[in-house]
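Reader: I have a model open here and a few labels I'd like to pick apart. Can you walk me through them?

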Amino acid sequence: MKKLFVFLLGLLMSTAVFAQQKTITGTVSDASGPLPGANVIVKGTTVGIVTTPDGKFSLEVPGDASTLVISFIGYVAQEIDITETTNVDVMLLPDAIGIEEVVAIGYGTAKKSDLTGAVASVQGEAIAERQTTQISQALQGAVSGVMVTRDNSGPGSGATIRIRGITTIGDNEPLIIVDGVPVDNINDVNPNDIQDMSVLKDAASASIYGSRAAAGVILITTKRAKAGDLKLSYTGEYGIEKPTTWPKGVDVIRYMQMDNEMRWNDNGNQEGSEYSTYSQDQIENYWQYNAENPNIYPFANTDWHDLVLKESAPRQSHNLSITAGSKTIRTKVSLNYDNIEGLYKHKEYERWTARANNSITINKFISTSVDMYWKRSISYDAATSPWGNLHLAPPVYPAIFDDGRIANGKAGANVYGVIEEGGTDTNWYNTIGGKAQIDFKPLDGLTISGVVAPEFGFTKGKEFQIEVPTTIYEDPTVYEGSLYNTSSTKLTEKRNDNNKVTSQILATYIKSFGNHNLNVFAGYENYSAFYENLGASRDKYLLTSFPYLNLGPLELRDNSGNAYENAYRSYIGRIMYNYNNRYFLQANVRHDGSSRFHEDYRWGTFPSVSGGWIISEENFMDGSKSVLSFLKLRASWGQLGNERIGNYPYQATISFNDALFYQGNEVVSQQTAAQTQYAIRDISWETTESTDIGFDAYLFDSRFRLTADYYMKETKDMLLALEIPDFIGFDNPDQNTGKMETKGYEFEMGWNDNVGDLKYSVSFNLSDSKTKMGDLGGTEFLGDKIKKEGSEFNEWYGYVSDGLFQTQEEIDNSPKLSNSVKPGDVKYVDISGPDGEPDGIISPEYDRKLLGGSLPRYLYGGNIKLDYKGFDFSLVVQGVGKQTSRLTTTMVQPLRQNWGNAPEFLDGDYWSVYNTPEQNLQVQYPRLSWSSRGNNYAMSDYWLFDGSYFRLKNITLGYTLPKALTQKVGMSKVRVYASGSDLLTIDNYPKGWDPEVGAGYPITQSYVFGVNVNF
């Protein structure tokens, strides 16, 4: 009876417990489909689960549970009432404003709403949408305060990144951190692997990386798998690249006429000498002579651009990724291949990248991650760059004869022949590295981590320059000479390797005590790097098909080699505190030691402090919540360091070389050694002090967002090579001296909303900065761009022009730079003289002045995004609102080197004796003259112009196929898209010149078609 009673009592209790439980099932998705790995938790408890790969969940909850909280990073969390239902289907919406978005801040993460420093974030999706293989180029116009400039779009080329203007006269490259580890090149990371990117712009956010953070920090977080993930994804792209524009020269007839005019001008316009180079008969009957024999000068009519360059070049990219995750092991593996061909023969770039990120949970106390990455890129090129002579070569010189032989061009200047037969230059770059991290959580809120991250790099270069002999057209047995840069067949090889190791011990403690929230971080970091380089060459090869060193003559060999190393050691601390998520305070400190300084001056300490106030959380703001959703004020101050001036500046290093001596009648080689640079032992850290104030505001139910910052930063104790007397016998030593100051502002705004099935967003950013030089210890960096006390950084420096001389009488009554000037030459203003007054002479000592900054101002960018029933559209614009740019001689000078072509845009717009006086008053450019080039093309404001521009950076249109269709064939998502980049530019540059290009490889437009398939 007793046993029966116990049995019935147990059954009753189990039934009661069962009655107190219920099962909730459902599906979590977003706009594109099921959302695996979403968190489903009973509110106020730890009872929860993550969704399966198809977004489903089934959760046993207490019978009295009333609310589920469903969340996922990057989405707005939702609370669902479950008091009267057991089935829940939820669609999460992206966090439009990003207040709750978690961003990387350096050795940790934080919600955007908690930030007190100036940190900008960019999602990996936005970077990949730019359809560029180089991350540096994808950042252009994407983030306020980040200046991205490029001077070419050659395969594999990157861009220059500057954060908040210029920080120092030396190295201004930002520090790049990938998954917590410093790397040398941001472009080593594949854009498809990026989860998000944070830019630490002020000292408060960047000082945690003190020693190398003066120029800003870019943090990249790569994608990782989440629990419940199971996906295979492939993205394939194919496209073409073509120049945005291209400078053209005048046609062959105008070239000969302009060449004659230049010679005539330089000979004093003497009567009867108008046709000094090309006769009147040659010009008037040119096409008849060309038809008879186009193989001889000057009747070739060679189109050098069409011969050397292609109209377009293909590109392709392929990305394969596998993602799988359970509660204990989560793995993401990606493999990527890029191939971009160039616009001329031999030019090509290939890259393979692979990355494997693994996260492992051992138990509730221990977890670990093991990541590996690999990159191999190959850069193919011609042994000699074509760009110099390609811009220069006029059409009168033959490139190739009818029988296929290479012509000599202009005394060996045949760019077509050099590219076709002059050899190749190939470089291989290999990097392999990884990161192992173990996290130990002995107490609630405390995490202790150990990290080791090695990286190994190997590069190989092989330049095989091949001699290109030419013969005269009339007789193929008569040698005329070799083409330029191909006088002999020579092989040059290099082998470089390096290894770097970063090790860290980190501890983070996060705890809340009522309304007091505390985040404490402490760490130790050690970094060491070693580089070794080897080079060898042999000359005068007889065979041109076997580029190997052992086939070259032994007596014409050469070799070289060197090695260097550097190291850092750091102690790091940070405290983040907030009260009631309303008042925020953050303090950072980093104590750094560098091997580049003497042990007595090696260490530097870099502190920062910042605070924030979320005013919108105050009670007195309750009435404005319908308009003002969120408002936070921020302020910060901090110091950062820099020491990138070489590896051994404080040491009296010895340079070794070889010298040739006579021993009797025999020449012998002897090793020499000497100290070349004077060393100052007590040099130490360069320091940048930065102050920032800003605010973040979100209005109209957080649909409108606005962020603004104003900052000042001063760099002092700059490491400069200061002048010492020549009789001391050493190069100038590095010293701590010099100051510079940068002031600027940043502004970002955006709007996100839905109209029925249409989701749209619009954003815009604007930033500006100006850098002024302070006391440089008496040093001045002079040239066409100058750095001296009171000037801007790289400010234009030259003469002030006053139009063109029109008559000889005007010349006779005016001060002149040269006594050889003639009507049609540039006229300059006499500003001063030895006595501080105009002296009637134009001289470089007294008549040059500051002409304005050369750096871009008012940088802006914007984008529009639309999503409607499977269709997606994005448009990105970017530009520069103000820049004083210069018309370089490559752009504008006719007949350069006394034989080159003349720009097409110049024709009809230069001063000429053939014009009327009225016409000469209207022209823009000086007369044609070789002898007056020193006067006419001297640095002056005559050649400065408004270099601002607007660029349609990217347009992408995509379509995602309906799931009802794709799921029938086992695919969870199929998206096809077309994209175009750099499609339109509005600027003031001369016809044929892109506002970003230098004198080399052009800026290119790209047209890409792609498909993304998920399984």
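Author: The chain averages a pLDDT of 91, and 96% of the residues score at least 70; pLDDT is the predictor's confidence in each residue, from 0 to 100. This is a predicted model, where local features need pLDDT of at least 70, side-chain atom pairs count only at pLDDT 80 or more, and totals for chains, interfaces and linings use all residues. Residues are numbered from 1 along each chain as its sequence is written, and side-chain values use heavy atoms, leaving out hydrogens and water.

Reader: Where does pLDDT stay under 50?

Author: Over residues 1-19, which have zero contacts beyond four places in sequence (contact means heavy atoms within 4.5 Å). Where pLDDT is low, the predicted coordinates should not be read in detail.

Reader: Why is S767 called buried?

Author: Buried means under 20% relative accessible area, exposed over 50%, partly exposed in between (1.4 Å probe, protein chains only). S767 comes in at 5%, so it counts as buried. It sits in strand β40, residues 758-773 (strands are DSSP runs of E, at least two residues, numbered from the N terminus). Leaving aside neighbours within four places in sequence, its contacts include S144, G145, Y745 and Y858.

Reader: What lies 3.0 Å from a polar atom of the S767 side chain?

Author: The backbone nitrogen of G145.

Reader: And F458, why is that one called partly exposed?

Author: F458 has 42% relative accessibility, so it counts as partly exposed. This residue belongs to strand β24.

Conventions: Helix = DSSP H or I, 4+ residues; strand = E, 2+ residues; numbered from the N terminus. Polar contact = N/O pair within 3.5 Å; in protein donor to acceptor, adjacent residues only side chain to side chain.
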